[in-house]
Amino acid sequence: MSEVSKEYNFRQVEEKWVQSWDSSIYYFDWESEKPQYIIDTPPPYPTGNFHIGNALNWCYIDFVARYKRMQGYNVMFPQGWDCHGLPTEVKVEQLNHITKNQVPREEFRRLCEKLTDEAIVRFHQSMGRLGLSIDWSNEYATMKPEYYVKTQTSFVRMYEKGLIYREEHPVNWCPRCGTAIALAEVEYDSRTSTLNYMRFLAEDGHIEIATSRPELLPACVAVAVNPEDARYQKYIGKTVRVPIFDYDVPVISDPVVDANFGTGFVMICTFGDKQDVRWWMEHHLPLRQTIDRSGRLTDISGPYRGLSVDEAKKKITEDMRDLGIIFKQEPLEQNVGLCWRCKTPIEILSEQQWFVRINAEEIKKTAEDIEWIPPHMRVRLDNWADSMEWDWCISRQRIFATPIPVWYCRDCQEVLVADEKWLPLDPNQTRPPVRCKCGSDDFIPEQDVLDTWMDSSISALSVAGWPNRKDLRMPTQLRPQGHDIIRTWAFYTILRTKSLEGVKPWDSILINGMALGEDGHKMSKSLNNFIRPEEVFETNGADALRQWAAIGGSPGNDIPFQWKEITAASRFQQKLWSIFRFSRPLIDKVEANPAQVDRWLLGELDQLVVSATRAMEGFQFDETMKAIRAFAWDVLADNYIELVKARLYGPDGPQKRAAQNTLYTALETIAKLMAPFTPFLSEEIYHSLTGESVHVANWPKATGTAVDPAGLAIKEIAAALRRYKAEKGMALNSPLTGIMVYSDMTLETFDLVGVANSPVESMTGCPKIEMKPKAVKPQMKIIGPRFKDKSHKIINALSAMDPNIVASQKTAGLIRVELEGEVIEVPPEAATIEIETLSAGEAVDILNLGAATVLVRR
Ligand SMILES: [Zn+2]
Ligand SMILES: [Zn+2]
């Protein structure tokens, strides 16, 4: 053991262990007899950098993984990378000043892979520095053929089960990204638009309709009213004429129409919103597609053909006002659906797309079999499942994604879905090894690719060995994830696991909140509240950041990043380091019979183990950390160590060895309890004590050791003596003449002798106490106003009287003072009596404690 530095050098310690740890101790053992604990870790998008939000999420996972390992589980903490998707494509387009269609598909894909590989290297560095116990033997990247073969296999199997199909169906479409998106990728935001009142020609005169989207006029396929609306009964079943475009549409009735909105007439277009889709389906209306894939108006829009949605809206509104068709306008607050990625308003287009069937009831039932932490988060999944109207659109018109393994026969249009044995493949590069049913070998490859959630929704299956291992390890034990992706990642994973293997994906799902800026707002560079994990590594170290994650709040809640928590964490580390530095040369693991104070400490330590274990089982990391801090700070440092210092510094003997062993046990146990939270500091302490790694040690087991009441009493006596000296203005080590301790228990005195630096006698039973009046204290504020110029003499006379006589007169209700032969009657409150406490004739101060009475000789 080299000399322990006074200041805890977090940088040196953390960097040393990052370099020297053998990460293979974290590998999952497929052959192990231990119970398995597989974590379905989130595979992040490897774009940009590992941020504080990631750090919070990964700390939670690491706390669980390290704890479970110490509890004897065969833990898998895999790490995946969800590579595919729009964010990377958009980044590549920006960095290279291209659009996806300006370079060959393979070249574009290569650029995306390169960018992703670079980001993965950065993530690796941050994750290593944070001290995460990731199982790198189970790393996966969804863009690699080893992974996307699984995604493609899942596609083929679900297609064969009839759970995936291709159909022309309205889909949410982002005109800027040029792709279909799933309902879960649509964000809503309120905007102010204009409600336009227009006239449509009817058989006799005209009707009035209000709309916020006049550019959809050429997509109008019907006009609807509420069947209860008495004003418009005569129009139902008739037709009206669409202005400008001059064609007739039927007037239908539907109970969903709100008679109080606008004029009570509503225009049904294909498609303005989801309600239009519902009406279109229920009333079997024709399709008039006005907006194309790039967000421009189609041929049926006549003079407006080729204009963007915004241009067309402006132009058509102007024209209709000029013609008097629009006769009134008013502002309208509206919820608008936006693309999650680029915030462009989405359109609803009818397109040939691939869909996954959604069985909302089955998903909800499966979710009930999973433990949700915290429990109320399941409601979010249920609500989402209940809002499902369409199946999950899984085809995307992009490039950097898993290819859909499908071809179409050019001659007979038959769909050819790849055989599982042919996978992985890209139909754009591979021709099918068979001919079409019609005999043709002329195929058109599917250009669309899969939604990236198709990759990540089989993460649980994949880490559990699907589809190749015979001993599939499903369900996995834990899914940790943010609440922002319950309706996507959690929902889709349950759906896919149930569809493919008929099981739930996990036993439990642990929901973490978001990391917020110090100001309580979402962290963002523009708000200037953005902190990078590396900043904290530099200033306070990874253990401090990890402590913030543990103690900042309980799982499920959003947690603001706070420098003051980081500072508190550093201070605690320094405190623990000081305890270690003091103890290291004095302590030892030896056979010893613990003294009363030792048994008090071991009892407290056992309670700490019980409460820390209970909190860890409930994923209450903040509770665990708080309990450890309270113990180390108050119980161990402020009380126990002060009590046993004399023994530790004293001559060898059973009492010294008991203290050495107890303090060793306490430090070793704290190092273990803190190992999930502060892996570096814990390792430094534990390794110094034992020569072994704390990360292969077992979690401490509660032994049922009770707190020794005699030891507890001694601790309380010591605290009372400390307060006594402080009140008297004495130094803590200054000696007292003598201390007598009375208690029903026989208390050991050696620790009290040491801590009070005074002789101590311990006796059973109660002390005999005598209260004796010692002096009279005249009260000028009573005497002065009443006796004016005699006051001074009265005070002198009172002071000279026998305190015993004054005390008994006070009790009788009147004090008689003799002054120059005259007796003056003075009220009892004119004097107080100072009482002296005596025990066996000696003056003492009394400290009354619950379990003992302490007399201090004066
Ligand atoms: Zn978009
Ligand atoms: Zn064919």
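What spacing do the donors of the zinc ion (ligand 1) follow along the chain? They follow C-x2-C-x161-C-x2-C, where donors are N, O and S atoms within 2.8 Å of the metal (3.2 Å for Na, K and Ca), and water is not among the atoms, so sites may look incomplete.

Before starting, note that this is a predicted model, in which local features need pLDDT of at least 70 and side-chain atom pairs count only at pLDDT 80 or more, while totals for chains, interfaces and linings use all residues. Residues are numbered from 1 along each chain as its sequence is written, chains are lettered from A and ligands numbered from 1 in the order in which they are written, and side-chain values use heavy atoms, with hydrogens and water left out.

**The zinc site.** Select ligand 1 with the SG atoms of Cys174, Cys177, Cys339 and Cys342, which coordinate the zinc ion at 2.2 to 2.3 Å. The 4 donor atoms subtend angles of 103 to 119°, which makes the arrangement tetrahedral (for four donors, all angles between 85 and 135 degrees). Cys174 lies in strand β5 (residues 164–174) and Cys342 in the loop between β13 (326–339) and β14 (347–356), so the two tie together parts 168 residues apart in sequence; helices (H or I, at least four residues) and strands (E, at least two) are DSSP runs, numbered from the N terminus. Cys174 is buried at 0% relative accessibility, whereas Cys342, at 23%, is partly exposed (buried is under 20% relative accessible area, exposed over 50%, partly exposed in between, with a 1.4 Å probe and protein chains only).

**Tyr197.** Next select Tyr197 with Phe327, a tilted aromatic pair with 6.2 Å centre to centre and 55° between the planes; rings of Phe, Tyr and Trp (its six-membered ring) pair if their centres lie within 6.5 Å, with planes under 30 degrees apart counted as stacked, over 60 as edge-to-face and the rest as tilted.

**The largest core.** Finally, move to Leu545, Trp548, Leu636 and Tyr640, which have the most contacts inside the largest nonpolar core, of 128 residues; such a core is a set of buried Ala, Val, Leu, Ile, Met, Phe, Trp, Tyr and Cys residues joined through side-chain atoms within 4.5 Å. Helix α17 (residues 621–649) gives the largest share of this core, 13 residues. In helix α14 (residues 542–551), 10 of 10 residues are buried, Leu545 and Trp548 among them.

Definitions and conventions: Tetrahedral: all angles 85-135°; square planar, octahedral: opposite > 155°, others 65-115°.
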